[in-house]
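Dear colleague,

Please find below the structure that I am handing over to you.

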Number of protein chains: 2
Amino acid sequence: MTSLAEENYLKAIYKLHEKHGSMVSTSALADSLQISAASVTDFIKKMAIKKLISYKKSKGVTLTDQGKTIALNIIRRHRLWEVWLVSNLGFKWDEVHEIAEQLEHVMSDELIEQLDKHLGYPKADPHGDLIPDANGRFAKNSSKPLLECVEGDKVKFTGVAEHSNSFLQYLTKSNINLGDELLVETIEDFDKSFQVKINKKTSRLLSKEVVKNLLVVVQ
Amino acid sequence: MTSLAEENYLKAIYKLHEKHGSMVSTSALADSLQISAASVTDFIKKMAIKKLISYKKSKGVTLTDQGKTIALNIIRRHRLWEVWLVSNLGFKWDEVHEIAEQLEHVMSDELIEQLDKHLGYPKADPHGDLIPDANGRFAKNSSKPLLECVEGDKVKFTGVAEHSNSFLQYLTKSNINLGDELLVETIEDFDKSFQVKINKKTSRLLSKEVVKNLLVVVQ
DNA sequence: ATACATAATTAGGCTCACCTAATTATATTT
DNA sequence: AAATATAATTAGGTGAGCCTAATTATGTAT
């Protein structure tokens, strides 16, 4: 029904919309998919005819309900596979993205439902990203960037806002792992760097760039 | 490196060669891949240039060492995924083929090695087909069709020579499962039907068509 | 050896998903 | 408002992997 290319477009549109809101521009899509803008214009016209997206010429695209349903399904598949790769196959959180990018395109609803069950219906993937259910619905999420916290806040590290390998590896190296308790000891007003105590043990200085990308839930 | 289409051709050539020996004809490939003979001729010429196969015009093709290595790798992936689907996700042996056909094309050696480890380095898939190791080598296999047995033989059911869903479902329905002990009670000379005792319990009459496709190891 | 049937190849064409170069539309600056 | 920069579209084209119809090669029966 939906081709590999269509799935990739739908996922990219969903993610760009999530990140920047409103309509997704041709160039943003081209950039994200590493494809020329001309090719994108071509392709989105066809997707619009198929009612996967709504396309306003020279303005950009948004997902239709049908397109959004498919996009959420792909994201669901991707994140479930990531959980499996980490918890069953022993991969690290910075090693699973490329493999899950391939696995997400395997078409079998039965497979995904069985996988979900096998994993114990996880709510989030190894990076803390929520996993939509079979109907495309997410659990409630009260996390926010650590940057928005104040001195004295005691929080739980539940996710990342930046998924680059270098950031994930920095956290691993710094011994900061999903689920850790973080206590904001002091915040340096000048550069917004945070002195944070991790799991009531070691204390560490984190730059603004880092705390911006750590998602936490206040306890 | 190798495309989806190339992988499917290599696998088909390997299987046809295994089944009928010698060179694989254009029409056999066309039939197996559900593609026109003209398309096959086209494609195998390109594969020959890439040294994946050796092609004698109007005679047929055989795999080169390189092609055989890739084919065995695909078969390895396919069978490991089938083991996983049955033993971890709870699928039945007649439900896994189509899903494994998709999973086998996911490219990541690391993934397959971890999967193999996770499954405990299985020697065979849910149909009893041997799984080649990472170097394309198979374990020794002393199985033969039950049809070649004689009255009084006590054997272990280790595999099937026919993979159709209808045959697999017939066996399931008849309560004949991989690993079962079979005792050949009598063989009807007229139609080569076998009266067989399963796991020292129930006795059952199996047609020649069935015993031909049951692979067993004499105990 | 000839005729016939079957198998394989060649010729020409199609769709999908991409490309570059040229053109047009939109947004920003002066 | 005009000039300029940036973004988007159109036009024309490519390779991969398929197709049908026509042709040629191979194998079999007479």
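**Surfaces near the DNA strands**

DNA strand D is surrounded by 19 residues, and the closest are Ser25(A), Ser27(A), Ala38(A), Ser3(B) and Ala38(B). The elements that give two or more residues to this surface are α2 (26-33) and α3 of chain A, together with α3 of chain B. Sorted by class, the surface near DNA strand D holds 6 nonpolar, 10 polar and 3 charged residues. Please note that this is a predicted model.

DNA strand C is likewise surrounded by 19 residues, of which the closest are Ser3(A), Ala38(A), Ser25(B), Ser27(B) and Ala38(B). Two or more residues of that surface come from each of α3 (37-49) of chain A, α2 (26-33) of chain B and α3 (37-49) of chain B. The classes here are 6 nonpolar, 10 polar and 3 charged residues.

**Chain A**

Chain A comprises 219 residues, and 31% of them count as buried. Its secondary structure consists of 8 helices and 8 strands. The C-alpha trace of chain A spans about 55 × 40 × 30 Å along its principal axes. Among the contacts in chain A with a separation of 6 or more, 56% are between residues 24 or more positions apart.

In chain A, 6 strands form an open sheet with antiparallel pairing, in the order β3-β8-β4-β5-β6-β7. The edges of this sheet are β3 (144-145) and β7 (203-206) of chain A, each of which pairs on one side only. Strand β6 (residues 193-198) of chain A is joined to β7(A) by 4 bridges, and the two run antiparallel. Within this pairing, Lys197(A) has Ser203(A) of β7(A) as its bridge partner.

**How the two protein chains are related**

Chain B is superposed on chain A by a rotation of 180° with 0.0 Å of shift along the axis, at an RMSD of 0.0 Å. This is the relation of a two-fold axis. In chain B, the C-alpha nearest that axis belongs to Leu103(B), at 3.6 Å from it.

The contact between the chains takes 14 residues from chain B and 14 residues from chain A. On the side of chain B that touches chain A, the elements giving two or more residues are α5 (97-103) and α6 (109-118) of chain B. The largest share of that side, 4 residues, comes from α6(B). By class, the side of chain B that touches chain A has 8 nonpolar residues, 6 polar residues and no charged ones. Since 100% of the interface residues of chain B are also interface residues in chain A, the copies meet through the same surface.

**Two backbone angles in chain B**

Most residues other than glycine have a negative phi. Which value does phi take in Gln34(B)? Phi of Gln34(B) is near 60°, a positive value in a residue other than glycine. Gln34(B) lies in the loop between α2 and α3 of chain B. With 6 other C-beta atoms within 10 Å, Gln34(B) is exposed.

Lys200(B) also has a phi near 60°, a positive value in a residue other than glycine. Its place is in the loop between β6 (193-198) and β7 (203-206) of chain B. Lys200(B) counts as exposed, with 9 C-beta neighbours inside 10 Å.

With kind regards

Terms used
Residues numbered from 1 in each chain as written. Chains lettered and ligands numbered in written order. Predicted model: local features only at pLDDT ≥ 70, side-chain atom pairs only at ≥ 80, totals over all residues. Buried ≥ 20, exposed ≤ 12 C-beta atoms within 10 Å, placed from the backbone. Contact = placed C-beta atoms within 7 Å. Near = placed C-beta within 6 Å. Nonpolar A, V, L, I, M, F, W, Y, C, P; charged D, E, K, R; others polar. Pairing = 2+ DSSP bridges. Least-squares fit on C-alpha atoms with pLDDT ≥ 70 in both.
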